[in-house]
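Please open the structure in a viewer and keep the selection tool at hand.

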Amino acid sequence: LYSTASPLYNLKNLYLNGEPIGDLVFPDTIDKLSNYSFRNCTNLTSLVIPGTITSTPKYAFYGCTSLTNLVLESGVKSLGSYAFAGCTKLESVTIPQTLSSTGNNAFQTSTAIKSVYITDMEAWQNMERGNAYSKPTCYGASLYLNGAEVLERTFWEDIGVGECNDS
C-alpha cells in the first residue's frame, strides 16, 4: 500500500460495480492506510474510520472536496499532516477520546466545518497538535461535548475556536 504502483495511491474516485462510492466505512479487518491513499477522491461524501486503523497517515484524504461527514471511532490515535486538508465541504467531525495527536495542517482549508463532536474535554484539551490548522475547530466550528454545545467562552482559547484565517 505504500508504493506509488499501488492502485490506491492518489486515488481520484472510488467505484464498486461501476457505481461511484460516496459513503466509505472501512471494515474492522483493515488496520493500515497509506500516505496519499485517497487523496483527491472527489466522490467521497461520508467517511467512518474504525479504531483498528490507529493512525491516519499524511495526505490520506487530502482534497476530498465532496466529503461532508467524518467519524473517527474509538481507537484512532493520530492524524498525519494534511490528512483532511482541503476537504472544503467537510461540515461534521467526530473525534474519539483516544485521539492523542494531529499533525501539522491536518484540517487546513477545511473551512466548512460547523460541528465537532467529542466525548472527553480533558482528552481534547491535552491532544498534541502540530499547529492551529491541526484543530478542526480552527475556523470557528461549534464544539459539542456528549451532544451538548460548549458555550463557555473561557474554554474557547483552549479548544482553538476561530484561530485560523486564510484570507
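How many bridges join strand β4 to β6? Select residues 46-49, which make up β4, together with β6: 4 bridges join these two strands, and they run parallel. Please bear in mind throughout that this is a predicted model.

**The strands around β6**

Within this pairing, select V48; its bridge partner in β6 is V71. Now keep V71 selected and turn to β8, where the bridge partner of V71 is T94. Strands β6 and β8 pair over 3 bridges, in the parallel sense.

Next, colour the two faces of β6. L70 and L72 form the covered face, whereas N69 and V71 form the uncovered one. In a regular strand the side chains alternate between the two faces of the sheet.

**The nonpolar core**

Proceed to the largest nonpolar core, which has 35 residues. Select I49, F61 and F84, the residues with the most contacts inside this core. Then display β4, β6, β10 (115-118) and α1 (121-126), each of which supplies at least two residues of the core. In soluble globular proteins, nonpolar side chains tend to be buried together.

Centre the view on F84. Leaving aside residues up to four places away in sequence, F84 touches L47, I49, T56, F61, L67, L70, L79, A106, F107 and S110.

**The aromatic pairs**

The structure holds 10 aromatic pairs. One of them is formed by F61 and F84, which are stacked at 5.3 Å centre to centre with 0° between the planes. This pair links distant parts of the chain: F61 is in the loop between β5 (55-56) and β6 (69-72), and F84 is in the loop between β7 (78-79) and β8 (92-94), 23 residues apart. Both F61 and F84 are buried.

Select Y62 and Y82 next. Their ring centres are 6.5 Å apart and their planes are at 65°, so the pair is edge-to-face. Because Y62 lies in the loop between β5 and β6 and Y82 in the loop between β7 and β8, the pair ties together parts that are 20 residues apart in sequence. Y62 is partly exposed, with a relative accessible area of 27%; Y82 is also partly exposed, at 23%.

Now extend the selection to F26, F38, F61, F84 and F107, which form one aromatic cluster.

**A charge over a ring**

For the last stop, select R129 and W124. The charged end of R129 sits over the W124 ring, 4.6 Å from its centre.

How values were computed:
Residues numbered from 1 in each chain as written. Predicted model: local features only at pLDDT ≥ 70, side-chain atom pairs only at ≥ 80, totals over all residues. Heavy atoms only, no water. Phe/Tyr/Trp six-rings, centres within 6.5 Å; stacked < 30°, edge-to-face > 60°. Buried < 20%, exposed > 50% of the residue type's maximum accessible area, 1.4 Å probe, protein only. Lys NZ or Arg CZ within 6 Å of the ring centre and 35° of its normal. Pairing = 2+ DSSP bridges. Core = buried A, V, L, I, M, F, W, Y, C linked by side-chain atoms within 4.5 Å. Contact = heavy atoms within 4.5 Å.
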